[in-house]
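User: I am new to reading protein models. Can we go through this one step by step?

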Amino acid sequence: LKVTKVKTAPIDGQKPGTSGLRKKTKVFVEGLYLHNFVQATFAALKTAGSDVANETLVIGGDGRYYNDKAIQIIVKIAVANGVRRIWIAKDGIASTPALSAIIRERGPVWQKAFGAFLLTASHNPGGPDEDFGIKYNCENGGPAPEKLTDLIYKNTQTIQAVEMCEAFPDVDISVLGETKVAATDGSAMACVQVVDGIKPHIDLLSTVFDFDAIKKTLLSRPDFTMVFDAMSGVTGPYAKALFVDALGLPESTCVNATPLEDFGGHHADPNLTYAVDLTKKMGVDRTGRAVEAADDVPSFGAASDGDGDRNMILGTKFFVTPSDSLAVLAANSDAIPFFKAQGGLKAVARSMPTSGAVDLVAAKLNLSLFETPTGWKYFGNLMDSKALFKGVDYTPLLCGEESFGTGSDHVREKDGLWAVLAWLAVLTEANKTPGAPLVTVESIVKQHWAIYGRNYYCRYDYEGVDKARATEMMAMMTAATPENTGKTIGSYTIATADVFGYVDPVDGSVSKNQGIRFLMADGSRIVFRLSGTAGSGATVRLYLEKYEPTVFDKHVSEVVGELVDIALQLSKLKEYTGRDEPTVIT
Ligand code: VG1
Ligand code: CO
């Protein structure tokens, strides 16, 4: 257990973004790039008072290129920094929600974990020429809060040495088992265990949902078929364990279900642009319109991203927007045993750019509603607080983001498979009358609109734009908020133009500068943000929303057209970025 101090120097740009540090793989593999970040994290953990010597560190990743090598490096640094017990997910494979579940396990076998390194750049493409990423999650199972990531970043700017146990043997991560190394003088022992990264998550989901009911009522119907696309990301083995082994569906239910180092050369991002295998099968085009398809389009289709925390939900020739999905799940939460067993859902949360569809449900059903900045870490604090709803000690929380993220407080990350099961649970409840025709995904959503109205919604992404110019554009709009407030453009009046900021209701921490909002007098919204997950360059996100109380059958592009024009005018986007068209529309 001899510790070597490897001399290093600060490296620029190691600031964690919305969800960890993401860069080109080439950057990560060079020199001590990864080492510096990991050492800076341990230094921050010591400052924050984590008990790294007596508790367990968890490591896993989405299986992308460099996952396996990064694991060995982290082990050597962790042991040198005094960590005495490490769990590594077998083959290095663990989805983001599964790692959250594993951190939170408190059984006799699973001892207390102080945190985890998650090796993932999520939906960003993987491979030697694409992206790699690392993220630290805390003992609650959730992404490190800004307090900690700020400290990590500060340490990366002053780091002089990386502590390493260079002699610690490489661990064979392909077999379950233990590697123990004792100090030569017998004073200490470090133990690395290779553990099952799949089972704890499936076991947890089996307590959140009623698998038997889903099987008996829904999956056994001859007129119900489903397909799940793992997009060659980490969820393949989870999907097989869940849909095939636990729920008894045929193997063919899971497609692209083997995790690949480069996700098969695709963006493992479940949306209409990138999940083309699935949308084609489901009879939906890149804009979400129904198209010609084979006769046997499945009743239900879903996909997850590279690290398994995102989800896309489709019915036969029908696309459910993530914002609508959140609202439908909120309105039907009693179909989910986890919520029902705890006295029913009483609180929901959404990120600021997510549509207000769930707000309408919250108002009608008297649920507490929280609006947070983008990124799952803000939901964690709400989940851990005991005072979400007046007079109640604990209440479950349903959360969602427009970026295909949905989940609850069964873990502290968004959870793709949870969302798929939540929809299966809602479909099970809707189809509980024996002999009745199948109630479809489409009919559930349309019924929802009939009650609440429809929030037409879409997002334009302008990827790979010049960072300096994008920053100037945001600064221009920020400066113009006072003069834009009250302005009328076309058929819209801007009731408020502002910069969204957030004060955490639990600990009072402040997050400024979380996006520019143009809130129209009729409730429509235009929002601009710069992405915090881009591996290089900048991505401008433009979010568009218009509420229609009675008209439900238009295509979103027909409804938000004028808002797009206004947004381009207010931002002078073309002038700043040179872009005519977005890279991706979701
Ligand atoms: C994006 C999404 C955000 C999500 C984040 C991490 O962040 O907009 O909603 O939480 O990705 O998702 P940004 O800053 O690029 O807009 V994942 O699945 O990439 O961990
Ligand atoms: Co993800």
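Analyst: Start with one term: a residue is near a molecule if its C-beta atom, placed from the backbone, lies within 6 Å of it. Keep in mind that this model is predicted.

User: How many residues surround ligand 1?

Analyst: Apply that 6 Å cut-off to ligand 1. The closest residues are T18, S122, S531, G532 and T533.

User: By class, what does the shell around ligand 1 have?

Analyst: Sort the shell into classes. Nonpolar residues number 1 and charged residues number 5. The polar residues in the shell number 12.

User: Which element gives the most to the side of domain 2 that touches domain 3?

Analyst: The contact takes 20 residues from domain 2 and 20 residues from domain 3. On the domain 2 side, the elements that give two or more residues are α13 (377–384) and α15 (441–452). With 3 residues, the element that gives the most is α13.

User: Is helix α14 mostly covered or mostly exposed?

Analyst: Helix α14 spans residues 416–430 and has 15 residues. From its first C-alpha to its last, α14 reaches 21 Å, close to the 21 Å expected at 1.5 Å a residue. A residue is buried if 20 or more other C-beta atoms lie within 10 Å of its own. In α14, 14 of the 15 residues are buried, which makes the helix mostly covered.

Conventions. Residues numbered from 1 in each chain as written. Chains lettered and ligands numbered in written order. Predicted model: local features only at pLDDT ≥ 70, side-chain atom pairs only at ≥ 80, totals over all residues. Helix = DSSP H or I, 4+ residues; strand = E, 2+ residues; numbered from the N terminus. Expected span 1.5 Å × (residues − 1). Buried ≥ 20, exposed ≤ 12 C-beta atoms within 10 Å, placed from the backbone. Nonpolar A, V, L, I, M, F, W, Y, C, P; charged D, E, K, R; others polar. Contact = placed C-beta atoms within 7 Å.
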